Amino acid sequence: MRAALIDQIRSVKLVDIPEPQIHKGNEVKIQVKTTGICGSELHAYHGTHPFRIPPLVSGHEFAGVIVEIGYAVTKFKIGDRVTAEPQTSCGKCWECRNGMYHLCPEKCVLGAMGWSGSFGEYIIMPEETLIKLPDDMSFEDATLIEPLAVGMHAVRTSGCGLGDRILVVGCGAIGLGIIMAAKLAGCKEIYASDMAEFNLEMARRAGAIKTLVPLKESMDAKIAEWTSGRGTDYTFLGSFGNGPLVTQAISVTRKQGKIIEVAVLGSPKDVNFGDFYQKEICMQGSNVYTRKDFEIVMQAISDGNYRLDGYVTHIFSIEEVDAAFDLMESRSENVVKILLKF
């Protein structure tokens, strides 16, 4: 089968490798039609991802068609159009038994850990991870369910909703998903911050009512103006950041407000924990998603409640994977989401 192999650091190439095979009764084989390139794949390409380590066939955002099923599969059939939650858990640990399977310490992730991913023409998935697509949903839109589910999980677990004022810092693919989810949740006002005017244009299209470029405008002053001096109820960190970013978030979030870390911050230093303490701010992490997030996003797309025009900025054939990664890295053009097609 055709596959895009990240064979070494800063190298990706189209190769011909054997198809993965079904080995368990609950497994299905899926022919991938479209797959997205995530920031985590770019980190693998750079050799900086903790568990996506070259050489590997990565990829975990996808949509496709079932072409083979195991003997124990009962809910799906050959020909079904599907996407899937690209993770499995042990089902036995404390986290799994308490509904937090996405935090399982034994979790396996598609496109890593020896599990050949959706940069390959065929993948093997357990039946319980699959989600059947509506007949009228395109493969391209279905591929976006996974990245958008990240934002849905952050919003849903934060508790924000009707009447709330929120700020999203970083309006790439994940930040835009946060904005869409917050709009769906009924937040009163959504503000967005990003360094790129194109990203802010996309944020406004997604539902943000006010935007700012932090190096050109004072975030403190703008948020104070927009919230009558109170600050945001919720501040979502949707871009890679550092200590100053966390300190800025603490500064603009209201007393007893909440900061939600969605992107990876690493180990930020020089954070102003004095204001954090004085304002009784809560800080919450948000780690990927659960099936419920997938289902809500799929329904929102199907109902037309998510505005996706412009979210996919580029589509490459799998034969053009090297050009796709070059663009993902260089950002020589405006980029939100890049898809690969088989």
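Let me start with a strand pair: E16, residues 312–317, and E17 run parallel and are joined by five bridges. Strands count as paired here if DSSP finds at least two bridges between them. Helices (H or I, at least four residues) and strands (E, at least two) are DSSP runs, numbered from the N terminus.

Before I go on, this is a predicted model, in which local features need pLDDT of at least 70, side-chain atom pairs count only at pLDDT 80 or more, and totals for chains, interfaces and linings use all residues. Residues are numbered from 1 along each chain as its sequence is written, and side-chain values use heavy atoms, with hydrogens and water left out.

Back to the strands. Phe316 has Leu340 as its bridge partner in E17. To get from E16 to E17 the chain passes through helix H11, residues 321–330, and this β-α-β crossover is right-handed. Right-handed means that, with the strands pointing away from the viewer, the path from the first strand over the helix to the second runs clockwise.

E17 also pairs with strand E3, residues 27–36; these two run antiparallel, with three bridges. There, Gly36 sits opposite Leu339 of E17. How many of the five residues of E17 are buried? Four are, so strand E17, residues 337–341, is mostly covered, where buried means under 20% relative accessible area, exposed over 50%, and partly exposed in between (1.4 Å probe, protein chains only).

Now the charged side chains. A salt bridge is a side-chain nitrogen of Lys or Arg within 4 Å of a carboxyl oxygen of Asp or Glu, and by that rule there are 21.

Lys29 lies in E3 and Glu19 in the loop between strand E2 (11–16) and E3, ten residues apart. Lys29 is buried, at 4% relative accessible area, whereas Glu19 is partly exposed, at 32%.

Another salt bridge joins Lys13 to Asp7, at 3.4 Å from N to O. Lys13 is partly exposed, with a relative accessible area of 40%.

A further pair is Asp293 with Arg156, whose closest N and O atoms are 2.7 Å apart. Asp293 is in helix H10 (residues 291–302) and Arg156 in helix H4 (residues 145–158), 137 residues apart in the chain. Which of the two has 0% relative accessibility? Asp293 does, and therefore counts as buried; Arg156 is partly exposed, at 31%.

Last, a network: Glu201, Arg205, Arg307 and Asp309 are joined by salt bridges that share partners.
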